[in-house]
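User: Hey, I've just opened this one and I'm new to it. Can you walk me through it?

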Amino acid sequence: MDIETLKHMVDYGVIGLLIFMSFIAVWFFIERVIFYKRINIRNYKNKKQLDVALTKHLTIIGTIASNSPYIGLLGTVLAIMLTFMTMGSGDIDAAKIMSSLALALKATAVGLVVAIISMVFYNILGRYAEVLESHYETEEI
């Protein structure tokens, strides 16, 4: 296996993982929004039960938001290491090196996009859960 093929496997593997993570974040965001729209807070006996139901899957979205930049950065670092290995083997074609570096930086960009979107989802859902808990508390009194 040559270095160019390895470079593409690393870079596209990381981007593929990030795209998969973004699908998970979108899926859980949609699931939570539907759940929040349909929830009847009177069905819960205490606030703790409601809190558990409202925050389900939020940790996954938060974890995706906090870790996707690191996964993107990992892809960038690995692709740049492979680019340096290519240069070290004597293949110093400027166009090939620049395209490899651009491809490597794309991994970081995708990681940041996934993180930003996931963080927005997390904050929206967190606020929605807080509002529902407040409604629960005011109806209890």
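User: Let's start with isoleucine 92. Buried or exposed?
Analyst: Isoleucine 92 is exposed, because its relative accessible area is 62%. Buried means under 20% relative accessible area, exposed over 50%, and partly exposed in between (1.4 Å probe, protein chains only). Keep in mind that this is a predicted model, where local features need pLDDT of at least 70 and side-chain atom pairs count only at pLDDT 80 or more, while totals for chains, interfaces and linings use all residues. Residues are numbered from 1 along each chain as its sequence is written, and side-chain values use heavy atoms, with hydrogens and water left out.

User: Where does isoleucine 92 lie?
Analyst: Isoleucine 92 lies in the loop between H3 and H4. Helices are DSSP runs (H or I, at least four residues), numbered from the N terminus.

User: And what does isoleucine 92 touch?
Analyst: Leaving out residues up to four places away in sequence, isoleucine 92 touches Met87 and Ile97. Contact here is heavy atoms within 4.5 Å.

User: OK, switching to the inside. Which residues touch the most other members of the largest nonpolar core?
Analyst: Tyr36 and Leu54 do, in a core of 23 residues. The elements giving two or more residues to this core are helix H1 (3–38), H2, helix H3 (58–88) and H4. H1 gives the most, with eight residues. A nonpolar core is a set of buried Ala, Val, Leu, Ile, Met, Phe, Trp, Tyr and Cys residues joined through side-chain atoms within 4.5 Å.

User: What does leucine 54 touch?
Analyst: Not counting residues up to four places away in sequence, the contacts of leucine 54 include Arg32, Tyr36, Ala129 and Leu132.

User: How many aromatic pairs are there?
Analyst: The count comes to three aromatic pairs. One of them is phenylalanine 29 with phenylalanine 121, which is stacked at 4.1 Å centre to centre and 15° between the planes. Phenylalanine 29 lies in helix H1 and phenylalanine 121 in helix H4, so this pair ties together parts that are 92 residues apart in sequence. The rule is that rings of Phe, Tyr and Trp (its six-membered ring) pair if their centres lie within 6.5 Å; planes under 30 degrees apart count as stacked, over 60 as edge-to-face and the rest as tilted.

User: Is phenylalanine 121 buried or exposed?
Analyst: Phenylalanine 121 counts as buried, at 15% relative accessibility. Phenylalanine 29 is buried too, with 17%.

User: How far apart are glutamate 130 and arginine 127 in helix H4?
Analyst: They're separated by about one helical turn, because they sit three residues apart in helix H4. Glutamate 130 and arginine 127 form a salt bridge, with their closest N and O atoms 3.4 Å apart.

Technical notes. A salt bridge is a side-chain nitrogen of Lys or Arg within 4 Å of a carboxyl oxygen of Asp or Glu.
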